[in-house]
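Here are some friendly notes to read with the model open beside you. Take the points one by one, and find each place on screen before moving on.

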2 protein chains.
Amino acid sequence: MNFTCSKNDLIEAFNIVSKAVSNKSQMPILSGIYMKAEGSTLELQANNFEIGIITKIPVNTEEPGEIILTGKYLQEIVRKLSGEIVNISHDESQHVANIKSGGANFKLLSMSIDDFPKVKSPETFSSFSMKASTLKNLIRKTAYACANEEVRPVFTGCCIEIVGNSISMVATNTHRLAVMKDKINEEVDMPPIVVPSKTLWELFKMLDTSDLSNTVKIECSRKNISFTFDNIYMTARLIDGQFPPYDKVIPKESATIATINVNEIMETVDRVALISKETEHNTIRFIFSAEEGVNISSDSPEVGRAEEQISAKIEGPTVDISFNVRYIVDVLKVIDTEECIIKLNKSLSPVDIREKDRDDFIYVVTPVRTN
Amino acid sequence: MNFTCSKNDLIEAFNIVSKAVSNKSQMPILSGIYMKAEGSTLELQANNFEIGIITKIPVNTEEPGEIILTGKYLQEIVRKLSGEIVNISHDESQHVANIKSGGANFKLLSMSIDDFPKVKSPETFSSFSMKASTLKNLIRKTAYACANEEVRPVFTGCCIEIVGNSISMVATNTHRLAVMKDKINEEVDMPPIVVPSKTLWELFKMLDTSDLSNTVKIECSRKNISFTFDNIYMTARLIDGQFPPYDKVIPKESATIATINVNEIMETVDRVALISKETEHNTIRFIFSAEEGVNISSDSPEVGRAEEQISAKIEGPTVDISFNVRYIVDVLKVIDTEECIIKLNKSLSPVDIREKDRDDFIYVVTPVRTN
């Protein structure tokens with residue numbers, strides 16, 4: 001194998017596939033980047049069995065062929081080369097790749113092509129498309145709400161549900177629930193699937209460098225989901241298991257309704273959190289009262305106390321309620337309207353937080369019991 | 001105690017004294033920031049027994065007094081306050097400080113004033129002054145060469161030696177030596193002292209926010225050194241012990257002399273270091289040859305090989321020599337001339353690296369023995 005290409009193209013392609021490069025040592029081959037030069041195209045692949053990525057760049061192939069090199073070294077070396085053009089050739093008998101650019105000459109040991117699990121496109125049972133911006137928004141509004149622990153694997157992912165042309169993405173860690181809804185351009189018939197949140201965040205980052213008006217094609221099989229956009233193909237494992245019905249978690253009615261400026265409550269919560277994080281359960285206390293607005297406080301016996309009052313439009317009886325501060329900060333960060341609506345019942349009843357005058361985003365959080 | 005001041009003044013003062021705040025838990029009082037309000041001045045202190053810092057800011061004192069609060073919380077809270085003006089008062093009977101700004105009200109538990117080791121100015125046996133820029137340069141050119149391990153404590157510091165109006169700062173970890181010389185405006189008579197490199201780096205950072213043309217007053221006692229500049233007083237413990245005579249380490253003559261562009265060798269070494277760092281002793285190999293310039297390479301049996309050739313003016317016999325790459329990178333970073341001079345003898349003889357046409361900076365490094 002022998003090809004020549006632009007250093008910047010190569011760096012960009014490495015940045016893309018490196019998200020699927022594994023750094024765990026159990027299977028060294030998964031730390032590799034696969035490259036196949038043929039005609040005017042270099043195909044690059046990486047696969048860690050959670051996700052697999054393929055991308056392509058233009059090259060000048062002098063001798064077609066395939067090679068696998070350790071992703072870490074390859075990326076570091078190419079990034080530091082002084083020239084604008086890189087030549088990579090492969091001495092197969094010696095298992096050595098030559099990387100040349102400017103006056104630099106690197107030799108890297110290559111790995112065995114046979115061991116590499118090439119990225120496959122499985123047979124799909126349904127496919128649909130949406131704008132990159134829509135997909136990013138679905139992820140941003142929900143994926144943070146997933147569980148981190150693998151106690152119940154299904155909660156480490158987001159559930160994607162499509163009915164007709166309505167799509168919803170749902171995440172929960174059983175203490176809080178985030179739901180985001182949107183429309184797609186076609187009617188799709190498929191069962192709900194659960195995508196690991198880690199996969200969605202990697203996808204989110206990749207979409208960052210993409211034009212948001214571009215279209216992402218999504219294909220689902222029984223065990224996998226794949227995303228095609230720009231010159232990228234990404235496939236990922238689905239999580240096996242059924243997502244519980246979440247509708248019944250959403251409170252049907254509420255006695256107290258607060259309308260609050262999002263920036264103001266966010267800045268205040270951010271300050272009070274300095275004390276909350278020193279408490280046993282990250283506890284922050286809110287007193288919503290029609291007369292006095294919202295009193296936000298936190299007490300730590302070892303450190304001290306924070307207290308702040310903000311104004312708000314509140315209707316209904318006073319509610320004295322405490323939360324894990326992280327669950328409040330997380331949702332305030334993704335609210336895009338100037339004001340948010342907080343719907344409350346009793347001190348220990350789940351609370352519904354939404355954007356004002358919008359119903360496509362729903363967040364439900366369970367309060368913390370305090371003494 | 002009760003005073004009001006500008007939030008930004010307070011944040012700046014915390015940034016200064018926090019360098020002497022200890023985060024180790026053995027003596028909680030050392031994690032505190034001491035504040036004393038009197039008239040129009042707030043004095044702030046922190047002391048971790050390695051260094052002690054005093055600074056002052058203008059305030060409006062309503063009730064004079066002293067207080068000690070945990071540095072970490074104090075800094076975080078004040079930084080996040082929304083208002084521009086901060087009021088701090090102290091309820092001594094309850095051991096609680098009230099921090100108010102905008103709508104925020106924080107209460108922080110205060111510590112006992114009696115436990116705090118106030119920063120002292122010991123009696124000094126000699127004092128002198130130099131420009132902040134001179135002091136920074138002495139530190140920058142030498143302190144990185146100190147030992148990290150405390151095997152021989154004296155090598156974890158820089159030796160300051162003054163003869164007449166000539167000052168030199170010297171550092172070594174026994175494998176390499178850095179010496180920087182300069183002039184001061186006065187003749188000083190004092191024995192050599194050894195200042196911990198950690199102290200010098202903290203001082204270096206503090207001088208960063210200072211005007212470089214400002215004067216730093218330096219006072220030495222038998223066990224301490226202090227630096228006074230701007231509104232800062234910093235005192236630090238000296239290291240006990242004698243620095244060995246370093247003059248005899250500097251090679252008297254050299255068979256081969258290379259003149260090399262610093263940027264070019266630095267960039268090349270930086271690339272080859274990607275392989276060096278995977279070798280057992282961080283080894284990088286140089287072949288200096290009058291005919292071919294400098295060949296720079298590194299071999300790792302597990303990863304591969306890097307090799308690059310750069311041009312250089314070389315006089316004398318060819319020398320094939322290997323180093324710990326870090327010892328080369330470190331010195332190249334502080335060389336301020338366009339070209340450097342490398343003076344060599346045999347493969348295992350110490351090497352002298354200097355700036356071209358300047359003799360105030362000397363660096364000597366011992367090669368690595370290879371197979």
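1. Phe243(B) is buried, because its relative accessible area is 12%; buried means under 20% relative accessible area, exposed over 50%, and partly exposed in between, using a 1.4 Å probe and protein chains only.

2. A word on what you are looking at. This is a predicted model, in which local features need pLDDT of at least 70 and side-chain atom pairs count only at pLDDT 80 or more, while totals for chains, interfaces and linings use all residues. Residues are numbered from 1 along each chain as its sequence is written, chains are lettered from A and ligands numbered from 1 in the order in which they are written, and side-chain values use heavy atoms, with hydrogens and water left out.

3. How confident is the predictor? For chain A the mean pLDDT is 94, and 100% of its residues reach 70 or more; pLDDT is the predictor's confidence in each residue, from 0 to 100. For the complex, the predictor gives an ipTM of 0.86 and a pTM of 0.91.

4. Now the overall picture of chain A. Six helices and 25 strands are found in chain A; helices (H or I, at least four residues) and strands (E, at least two) are DSSP runs, numbered from the N terminus. The C-alpha trace of chain A spans about 80 × 50 × 35 Å along its principal axes. Of the 371 residues in chain A, 54% are buried. Among contacts in chain A between residues at least 6 apart in sequence, 66% join residues at least 24 apart, where contact means heavy atoms within 4.5 Å.

5. Strand β2 (residues 32-38) pairs with β3(B) in the antiparallel sense over five bridges; two strands pair if DSSP finds at least two bridges between them. Here Met35(B) stands opposite Leu44(B). Two residues lie between these strands in the hairpin, where Gly39(B) takes a positive phi near 60°. On to the next partner: β3(B) and strand β4 (residues 51-58) run antiparallel and are joined by seven bridges, with Asn47(B) opposite Gly52(B). This second hairpin has three residues between its strands, and Phe49(B) takes a positive phi near 75°. Is β3(B) mostly covered or mostly uncovered? Strand β3 (residues 41-47) of chain B is mostly covered, with six of its seven residues buried.

6. Back to aromatic rings. Rings of Phe, Tyr and Trp (its six-membered ring) pair if their centres lie within 6.5 Å; planes under 30 degrees apart count as stacked, over 60 as edge-to-face and the rest as tilted. By this rule there are twelve aromatic pairs over all chains. Trp201(A) and Phe204(A) make an edge-to-face pair, at 5.3 Å centre to centre and 80° between the planes. Both lie in helix α4 (residues 197-208) of chain A, three residues apart, about one turn of the helix. Trp201(A) counts as partly exposed, because its relative accessibility is 30%, whereas Phe204(A), at 15%, counts as buried.

7. Finally, visit Ser276(A), which lies in helix α5 (residues 262-276) of chain A. Leaving aside neighbours within four places in sequence, Ser276(A) is in contact with Asn282(A), Thr283(A), Ile284(A), Ser298(A) and Val325(A).
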